[in-house]
Amino acid sequence: MTVKKRISILGSTGSIGQNVLNVVENFSHQFEIVGLSAGSNIELLMEQIEKFKPKIVSIKEKKMADLIMENFKGVEVGYGEEGLEKVATHPLNDMVVSAIVGIAGLRPTYKAIKAGKNIALANKECLVAGGKIIMNEAKERGVNIIPIDSEHSGVFQCLKKEKKEYVKKIILTASGGPFFKTSIKELQEKKVEEALKHPRWKMGKKTTIDSATLMNKGLELIEAYWLFDVNPSQLDVLIHPQSIVHSLVEFKDGSILAQMSITDMRVPIQYALSYPERLNNSCLFSLNLAEINTLEFYSVDKRKFPSIDFARKALIEGESLPVVLNAVNEVAVQAFLEEKIKFTQIFKIIEYTLDKHKKENIEKIDDIFRIDKWAREQAHKLIKKGL
Ligand code: MG
């Protein structure tokens, strides 16, 4: 009998968390759940506890935690930041899946790394805002950070057997989102329902809007910089509407490796969980290229979608700028979802705040939270003022 890999999930009720549990369920001989944590979706968390029998769980508020305790004797139940930390650092964890959406995922992931746990990473803020601190800590503790995001998983797989000095370029693909063919003029009037109609992937609302603005790809560019230790000039983005090729790596001899799979998050999730092994694909469709027939690639219209340039600029200027970019974007996307601002105002609010920010270095994790807070306040002010 093989020894099961013991896994805790930070953010088990979100879109990634649910997919992770689906993979765990399909490979119950390989994986078992130690801990689960959720925000406020208590109903789904209780269903998950019933099914996966974790040893420890955590939820946002104490009254929810009390309710879980009443229903599940014998399960350790925590709440708030402390509860999250306990799930992240549980002694039985072999691997922690970091799948909380937003900056709230940063501290517990950092704590998990400090406790020497390997990380399957889906949270963007860990690297976008905390790249330096997270990667330094991981290196020091000998912890693996295995990306779950399809693009980074693709690069990770292409680079597995290659020397760093052979890499010329890393190219992330973007589906182009729902507005790939929309004119700049029409873009202004795009409504929330239209932005939420992603042509390829099923994701949470925040990420779906980020795909429509291409900010998703901008943030992924910053993540790739930290994960793969290349120069910002070696990172590029290509629009690929079919979303079959998830990323490409060009080597100095002109050869390009691409990673392809069907458009289903369970593929990169399964790889992250099983790494360095590969498991059978028993529950998913195989990729049928003859059926797909055509793979198209286009360059990004940077005038229409300035997000990639914002990200590149933030990355080059460094340290506090990516924190600002990420925080302002999150506030602006939320305001768009609440119909307080127009689609293209997301770009304006980001650009304005990036210009206004005075760059500083990040030495400790609390610096990130302070800068994040400043950026959010600025964004809220701009939204109120109606920029
Ligand atoms: Mg992605």
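## A magnesium site and its surroundings

In this predicted model, the magnesium ion takes its protein donors from Asp 149 (OD), Glu 151 (OE) and Glu 220 (OE), which lie 2.2 to 2.3 Å from it. Glu 220 also forms a salt bridge with Lys 124, one of the residues that domain 1 buries against domain 2.

**The magnesium site**

- Along the sequence, the donor residues follow the spacing D-x1-E-x68-E.
- Glu 151 belongs to helix H8 (residues 150–159) and Glu 220 to helix H12 (residues 215–228), so this pair ties together parts that are 69 residues apart in sequence.
- Glu 151 counts as buried because its relative accessibility is 7%, a value under the 20% cut-off.
- Glu 220 is buried too, with a relative accessible area of 1%.

- Lys 217 pairs with Glu 220 in a salt bridge whose closest N and O atoms are 2.8 Å apart.
- Both Lys 217 and Glu 220 sit in helix H12, 3 residues apart, or about one turn of the helix.
- An α-helix has 3.6 residues a turn, so residues three or four places apart point the same way.
- Lys 217 and Glu 220 are both buried.
- Through shared partners, salt bridges join Lys 124, Asp 149, Glu 151, Lys 217, Glu 220 and Glu 223 into one network.

- The protein chain divides into domain 1 (5–143), domain 2 (150–263 + 284–302) and domain 3 (318–387).
- The centres of domain 1 and domain 2, taken over C-alpha atoms, are separated by 27 Å.
- Where the two meet, 9 residues of domain 1 contact 11 residues of domain 2.
- About 870 Å² is buried between domain 1 and domain 2, and carbon and sulfur atoms give 71% of this area.
- Lys 124, Leu 127 and Val 128 supply 58% of what domain 1 buries against domain 2, more than any other three residues.
- Between domain 1 and domain 2 there are 2 salt bridges, and 1 residue pair is in polar contact, with both residues at pLDDT 80 or more.
- On the side of domain 1 that touches domain 2, helix H6 (125–128) and helix H7 (131–141) are the elements that give two or more residues.
- H7 gives the most to that side of domain 1, with 3 residues.
- The side chains of Lys 124 and Glu 220 meet in a salt bridge at 3.6 Å, N to O.

**Helix H15 and its cover**

- Helix H15 (residues 307–317) has Ser 307, Ile 308, Phe 310, Ala 311, Arg 312, Ala 314 and Leu 315 as its buried residues.
- The cover over these buried residues includes helix H11 (205–213), H12, strand S9 (235–239), helix H16 (320–337) and helix H17 (345–356).
- Gly 318 follows H15 and has a positive phi, near 85°.

- Asn 329 lies in helix H16 and is buried, with a relative accessible area of 0%.
- Beyond residues up to four places away in sequence, Asn 329 touches Lys 206, Asp 210, Met 215, Leu 219, Ile 346 and Ile 350.
- With Asp 210, the side chain of Asn 329 makes a polar contact of 3.0 Å.
- Thr 109, in helix H5 (residues 106–114), is buried with a relative accessible area of 1%.
- Leaving aside neighbours within four places in sequence, Thr 109 contacts Leu 10, Ser 98, Ile 119, Leu 121 and Cys 126.

**Salt bridges elsewhere**

- The whole structure holds 31 salt bridges.
- One of them joins the side chains of Asp 94 and Arg 6 at 3.3 Å, N to O.
- Asp 94 lies in the loop between helix H4 (80–88) and strand S5 (95–98), and Arg 6 in strand S1 (residues 5–10), so this pair ties together parts that are 88 residues apart in sequence.
- Asp 94 is partly exposed at 30% relative accessibility, and Arg 6 is partly exposed at 28%.
- Lys 63 and Glu 61 form a salt bridge with their closest N and O atoms 3.3 Å apart.
- Lys 63 is exposed, with a relative accessible area of 61%, whereas Glu 61 is partly exposed at 35% relative accessibility.

Technical notes
Residues numbered from 1 in each chain as written. Predicted model: local features only at pLDDT ≥ 70, side-chain atom pairs only at ≥ 80, totals over all residues. Heavy atoms only, no water. Donors = N, O, S within 2.8 Å, 3.2 Å for Na, K, Ca; no water. Helix = DSSP H or I, 4+ residues; strand = E, 2+ residues; numbered from the N terminus. Buried < 20%, exposed > 50% of the residue type's maximum accessible area, 1.4 Å probe, protein only. Domains from an automatic or database assignment. Contact = heavy atoms within 4.5 Å. Buried area = accessible area lost by both parts, 1.4 Å probe. Salt bridge = Lys/Arg side-chain N within 4 Å of Asp/Glu carboxyl O. Polar contact = N/O pair within 3.5 Å; in protein donor to acceptor, adjacent residues only side chain to side chain.
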